[in-house]
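Reader: Could you walk me through this model, starting with its charged side chains and moving on to the annotated positions?

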Amino acid sequence: MFRNVLGKTFRFLGYTVQYGCIAHCAFEYLGGIVVCSGPSMEPTIQNSDIVFSENLSRHFYCIRKGDIVIVKSPNDPKSNICKRVIGLEGDKVCTSNPSDFLKSHSYVPKGHVWLEGDNLRNSTDSRCYGPVPYGLIRGRICFKIWPLNDFGFLRASPNGHRFLDD
């Protein structure tokens, strides 16, 4: 009887480890569901919206300008942030705030991206902490899941004029 209980316990532990590894790989490499908080991506993503983030793009370097990404915060590595990619390495970006009279520009260094929230007046982004290393990108948001009346792919940036083509 003791041998039977011990055998069942080890089988249960074995299945738990196997399924745990599968779940880890799925969330690390395929994607997952993310609850967004904060006003920085309004009106595209509202506070408490639920989105699906896929992680394959970051592994294959398929992140493009205009994509919305989940990134480890450069200010607090324990938290993630949600921002739009405005510039890739080598791109010229506007580094000043929209309200600034004199506009300043800079180039995104190699291995970095320039991120901004859609709500430019209420967003802490690359205008504050500079270009973000590509390695901090955790995933790319594909579509909104909740609320149901807004289900589907995300809309284009309301700040499309900030994408420079120089």
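Author: Happy to, and please keep in mind that this is a predicted model. Let's start with a pair of charged side chains: Lys144 and Asp49 meet in a salt bridge, with N and O 3.0 Å apart.

Reader: How many residues apart are Lys144 and Asp49?

Author: Lys144 sits in strand 9, which covers residues 137–146. Asp49 is in the loop between strand 1 (31–35) and strand 2 (50–54). The pair therefore links distant parts of the chain, and the separation is 95 residues.

Reader: Nice. Arg140 has a salt bridge too, so which residue is its partner?

Author: Here the closest N and O atoms are 2.9 Å apart. The link again joins distant parts of the chain, strand 2 and strand 9, 86 residues apart. Arg140 is in strand 9, and the partner in strand 2 is Glu54.

Reader: What relative accessibility does Asp125 have?

Author: Asp125 forms a salt bridge with Arg127, the closest N and O atoms being 2.9 Å apart. Arg127 is buried at 14%. Asp125 is buried as well, with a relative accessibility of 0%.

Reader: Now to the annotation: which residues does UniProt list for "active site"?

Author: The UniProt entry is unreviewed, and it lists two positions, Ser40 and Lys83. The lining of the largest pocket takes in both Ser40 and Lys83.

Reader: What is the length of the polar contact between the side chains of Ser40 and Lys83?

Author: Ser40 is found in the loop between strand 1 and strand 2, while Lys83 lies in strand 4 (residues 80–87). Ser40 is buried at 13%, and Lys83 is buried at 4%. The polar contact joining their side chains is 2.9 Å.

Reader: And which side chain makes a polar contact of 3.1 Å with that of Lys83?

Author: Contacts of Lys83 beyond four places in sequence include Ser40, Asp67, Ser123 and Tyr129. Ser40 also has Ser123 among its contacts. The 3.1 Å partner of the Lys83 side chain is Ser123.

Conventions: Residues are numbered from 1 along each chain as its sequence is written. This is a predicted model: local features need pLDDT of at least 70, side-chain atom pairs count only at pLDDT 80 or more; totals for chains, interfaces and linings use all residues. Side-chain values use heavy atoms; hydrogens and water are left out. A salt bridge is a side-chain nitrogen of Lys or Arg within 4 Å of a carboxyl oxygen of Asp or Glu. Helices (H or I, at least four residues) and strands (E, at least two) are DSSP runs, numbered from the N terminus. Buried means under 20% relative accessible area, exposed over 50%, partly exposed in between (1.4 Å probe, protein chains only). UniProt positions are given in the numbering used here, feature names are shortened, and annotations may be inferred rather than shown by experiment. On a 1 Å grid over the protein atoms alone, a cavity is a set of points where a 1.4 Å probe fits but cannot get out, and a pocket is an open set with protein on both sides within 12 Å along at least five of seven lines; lining residues have an atom within 4 Å of a point. Contact means heavy atoms within 4.5 Å. A polar contact is a pair of N or O atoms within 3.5 Å; within protein, one must be able to donate a hydrogen and the other to accept it, and residues adjacent in sequence count only if both atoms are side-chain atoms.
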